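Trainee: I've just opened this one. Can you walk me through a few parts of it?

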Amino acid sequence: MLPIAMVCGVLFHSQIEYVAPIVPYLIFSMLLITFCRVKPREFNISRVLWELLVIQLVGSVALFWTLRPLGLDIAEAAFICVFCPTATAAPVVTGMLGGSIPKVAAYSVISNLAVALLAPLLFTWMGENQTDMTFTQEFTEIAARVAPLIVFPLLVSFLLYFFAPKVHGMISGVQSLSFYLWAVSLIVVVGRSVSFMLAEPHEKIPEMIAMALIAGIVCILQFIIGRKLGQKHGDKISAAQSLGQKNTVLAIWMALTYLNPIASVGPAAYVAWQNTINSAQLYLKMRKVGK
């Protein structure tokens, strides 16, 4: 499904703009399905989750400042690869690898909420006056679009749990649907990224290659750091997937919408890197089980 979605995005990139407005609704639906997997009584934020959150937030800003001398575009591409919250498919992959699904789902909630609260502030600060709006105007506009997209699915999932448990149970039972929604979203965001990349002058090619390579390094480091941190708390699989597996659809959409569009090359490359790592992990897991 991954290569099919990416190839479709590349082949039909010129037509993608007509359906691009559906991406926020697809993201909303994916988050709702994921959040319905977490019952309020299971929402236990352990110490390791707080430590992962600090790495995600502080690490993204630190990486931005470290790479800023190389150019704003490269710094933004690396930033969004770390700042982006956990993927909606992370609980599914974690379960297949033998990790704790509730822990990853809980971290998905708090990492998404943190992004919803901090994204408007950080995006406005990083924009470096790329628009004619004041800081307050730009902050307000980004907050009005990002926060509801992430916060409302959580509120809806909790309301369904308390007032419509049957509907909540039905949604939580169709977790595989989020995978297909993700695939459709991936077609759209990859297509938009390709359109922006083709519109860039040839002089930008080395910069885009650098973004793709940096995204790979960042991806590997996040899986390693998460695994090392989780090992201290007895759950290395859940911590590694929580930190390393990112909601790249949301990351690409945010980069295209609020950062320099070329920065979307970073999370677009991250898609391939993280799925390569996940495929290798699943292969080794099945091989081990087979033996």
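Mentor: One term to begin with. A polar contact is a pair of N or O atoms within 3.5 Å; within protein, one must be able to donate a hydrogen and the other to accept it, and residues adjacent in sequence count only if both atoms are side-chain atoms. This is a predicted model, where local features need pLDDT of at least 70, side-chain atom pairs count only at pLDDT 80 or more, and totals for chains, interfaces and linings use all residues. Residues are numbered from 1 along each chain as its sequence is written, and side-chain values use heavy atoms, with hydrogens and water left out.

Trainee: Okay. Which side chain does Asp235 make a polar contact with?

Mentor: The side chain of Ser238, at 2.9 Å.

Trainee: And where is Asp235 placed?

Mentor: In the loop between H11 and H12. Helices here are DSSP runs of H or I with at least four residues, numbered from the N terminus.

Trainee: Is Asp235 buried or exposed?

Mentor: Buried, because its relative accessible area is 15%. Buried means under 20%, exposed over 50%, and partly exposed in between, with a 1.4 Å probe and protein chains only.

Trainee: What does Asp235 touch?

Mentor: Gly99, Ser100, Lys103 and Gly230, leaving out residues up to four places away in sequence. Contact means heavy atoms within 4.5 Å.

Trainee: Next, H12. How many of its residues are buried?

Mentor: Seven of the nine in H12, residues 236-244, so the helix is mostly covered. Ser238 is one of the buried ones, and Leu243 is another.

Trainee: What covers them?

Mentor: The cover includes H4, H6 (90-97), H7, H11 (205-232) and H14 (265-290).

Trainee: You named H4 and H7. At what angle do they pack?

Mentor: About 30 degrees, with the axes 10 Å apart; H4 is residues 47-67 and H7 is 101-126. That makes H4 roughly parallel to H7. Axes are lines fitted to C-alpha atoms, for helices over the stretch in contact, and angles run from 0 to 180 degrees between N-to-C directions. Under 35 degrees counts as roughly parallel, over 145 as roughly antiparallel, 65 to 115 as roughly perpendicular, and the rest as oblique.

Trainee: Which residues meet there?

Mentor: Among them are Leu49, Phe64 and Trp65 in H4, and Lys103, Tyr107 and Trp125 in H7.

Trainee: Last one. How do H5 and H14 cross?

Mentor: At roughly 50 degrees, with the axes of H5 (residues 72-83) and H14 coming within 7 Å. H5 and H14 are therefore oblique to each other. Ala77, Ile80 and Cys81 in H5 meet Gly266, Pro267 and Tyr270 in H14.

Technical notes
Helices (H or I, at least four residues) and strands (E, at least two) are DSSP runs, numbered from the N terminus.
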